[in-house]
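Okay, thanks for coming, everyone. I'd like to walk through one model today, so let me put it up on the screen.

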Amino acid sequence: MLPSFLSPVSAFGLYLRRCFTGAGLSSYTVDVDHETTVHFWAPTNRTARKPSVVLIHGFGPAAIWQWRQQVQFLAPHFNVFVPDLIFFGGSSTKSSERSETFQAASVGKLLDKLKVEKFQVVGTSYGGMVAYNLAKMLGEERVEKVVIASSGVNMKRSNNVALVQRAELEKIEDLMLPATPQQLRKLMSLSIYNSPQFLPHFLLNDFLHKLYSVNRKEKKELLKGLTIGKDETSTLSPLQQEVLIVWGEQDQIFPVQMARELKEIISKKARLELIKDASHVPQMEKPREFNNILLNFLGGHS
């Protein structure tokens with residue numbers, strides 16, 4: 001285990017924080033109720049001239065590791081809010097709830113506390129499941145537009161089984177919560193189209209220790225607590241909002257056919273954008289293309 005002052009991951013984490021603060025965001029923590037505490041990034045100086053957008057991260061490292069290039073790009077146009085979901089980053093709860101609907105309710109309570117009345121929401125992977133539920137809970141009166149990126153909101157049991165088979169692992173948590181360099185390499189190979197092939201063991205171990213070692217028990221409970229992917233029929237009900245679906249054409253976590261199926265059921269006002277030469281994290285693999293698609297859909301203050 002590397003001490004923090006020698007850790008490349010710790011050093012890059014400091015750089016990410018500076019990127020967020022440089023984009024005009026500050027780090028805050030608030031109790032959203034008597035059981036749940038949420039850490040989030042929000043504008044240091046919010047302005048009524050800009051619309052608001054909420055970025056919800058996926059399963060993996062905290063939000064700053066997943067949204068850097070979107071925060072820097074969107075901050076001039078929007079009031080950008082970036083929460084850490086429960087048991088990620090600095091967010092936690094004493095509640096026994098572990099579902100994606102609980103995550104959505106917690107984000108909703110945070111936005112109530114912050115008096116964010118109307119907003120657009122962008123969710124990637126697990127965060128897309130949370131974004132869908134947030135939009136469903138609050139309705140189009142508050143959630144004006146929805147972006148679902150690389151997210152198996154329509155996941156069925158067979159999709160879960162196929163993912164474990166592609167990963168050549170025994171359990172889904174071995175992939176989503178890697179504990180060894182080999183498991184982390186497998187996650188990267190499925191998530192990134194041009195996955196780096198020669199990362200040294202010490203760096204992979206640094207990633208595992210700094211980004212995947214905290215709240216492992218609770219995160220396994222979150223995976224078990226998902227309400228989707230348990231049956232062979234999807235019970236997804238349509239949203240009323242305009243929905244943009246963004247997907248990497250080479251996604252090996254949620255294959256692109258799931259995106260096409262999702263478009264047909266999530267909203268009458270849904271459109272699908274596919275990004276070439278990208279897998280499960282197009283916001284990181286192809287940030288310029290992803291950002292332009294996003295801004296074109298969301299609009300924003302110029």
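So, F12, Y15, W65 and F207 form one aromatic cluster. This is a predicted model, so a local feature needs pLDDT of at least 70 and side-chain atom pairs count only at pLDDT 80 or more, while totals for chains, interfaces and linings use all residues. Residues are numbered from 1 along each chain as its sequence is written, and side-chain values use heavy atoms, with hydrogens and water left out.

By pairing I mean that ring centres of Phe, Tyr or Trp (for Trp, the six-membered ring) lie within 6.5 Å; planes under 30 degrees apart are stacked, over 60 edge-to-face, and the rest tilted. How many aromatic pairs does that rule give? The count comes to eight. One of them is F12 with W65, a tilted pair at 5.5 Å centre to centre and 45° between the planes. That pair links distant parts of the chain: F12 sits in helix α1, W65 in the loop between β3 (52–56) and α2 (68–74), and they are 53 residues apart.

Is W65 buried or exposed? W65 is buried, because its relative accessible area is 15%, and buried means under 20%, exposed over 50%, partly exposed in between, using a 1.4 Å probe and protein chains only. F12, at 36%, counts as partly exposed.

Next pair: Y28 and F40 are stacked, 5.5 Å centre to centre with 25° between the planes. Y28 is in strand β1 (residues 25–31) and F40 in strand β2 (residues 36–43), so this pair ties together parts 12 residues apart in sequence. Y28 is partly exposed at 32%, whereas F40 is buried at 4%.

One more ring while we're here. The charged end of K145 sits over the ring of F297, 5.0 Å from the ring centre. The rule there is NZ of Lys or CZ of Arg within 6 Å of the centre and within 35 degrees of the ring normal.

F40 also takes us to the inside of the protein. V82 touches F40, and its other contacts include F20, L25, W41, L55 and W67, leaving aside residues up to four places away in sequence. Contact just means heavy atoms within 4.5 Å. V82 belongs to the largest nonpolar core, which has 93 residues, and V80, V82 and I266 are the members that touch the most others. A nonpolar core, for the record, is a set of buried Ala, Val, Leu, Ile, Met, Phe, Trp, Tyr and Cys residues joined through side-chain atoms within 4.5 Å.

Now for a polar spot. What does the side chain of H280 make a polar contact with? The side chain of D251, at 3.0 Å. A polar contact is a pair of N or O atoms within 3.5 Å; within protein, one must be able to donate a hydrogen and the other to accept it, and sequence neighbours count only if both atoms are side-chain atoms. H280 lies in the loop between β9 (270–275) and α11 (282–285), and at 6% relative accessibility it counts as buried. Among the residues H280 touches are S125, S150, S191 and E285.

Let's look at S150 from that list. S150 is in the loop between β7 (143–149) and α5, and it is buried, at 0% relative accessibility. Its phi is positive, about 50°, although it isn't a glycine. Most residues other than glycine have a negative phi. D277 is another non-glycine with a positive phi, near 55°. D277 sits in the loop between β9 and α11 and is partly exposed at 39%.

S191, also on the H280 list, is one of the buried residues of helix α7 (residues 181–191), along with L184, L187 and M188, among others. What covers the buried residues of that helix includes α5 (157–167), α6 (172–176), α8 (201–211) and α11.

S7 lies in the segment before α1 (8–22) and is buried at 2%. Polar atoms of its side chain lie 3.3 Å from the backbone nitrogen of V9 and 2.9 Å from that of S10.

Key
Helices (H or I, at least four residues) and strands (E, at least two) are DSSP runs, numbered from the N terminus.
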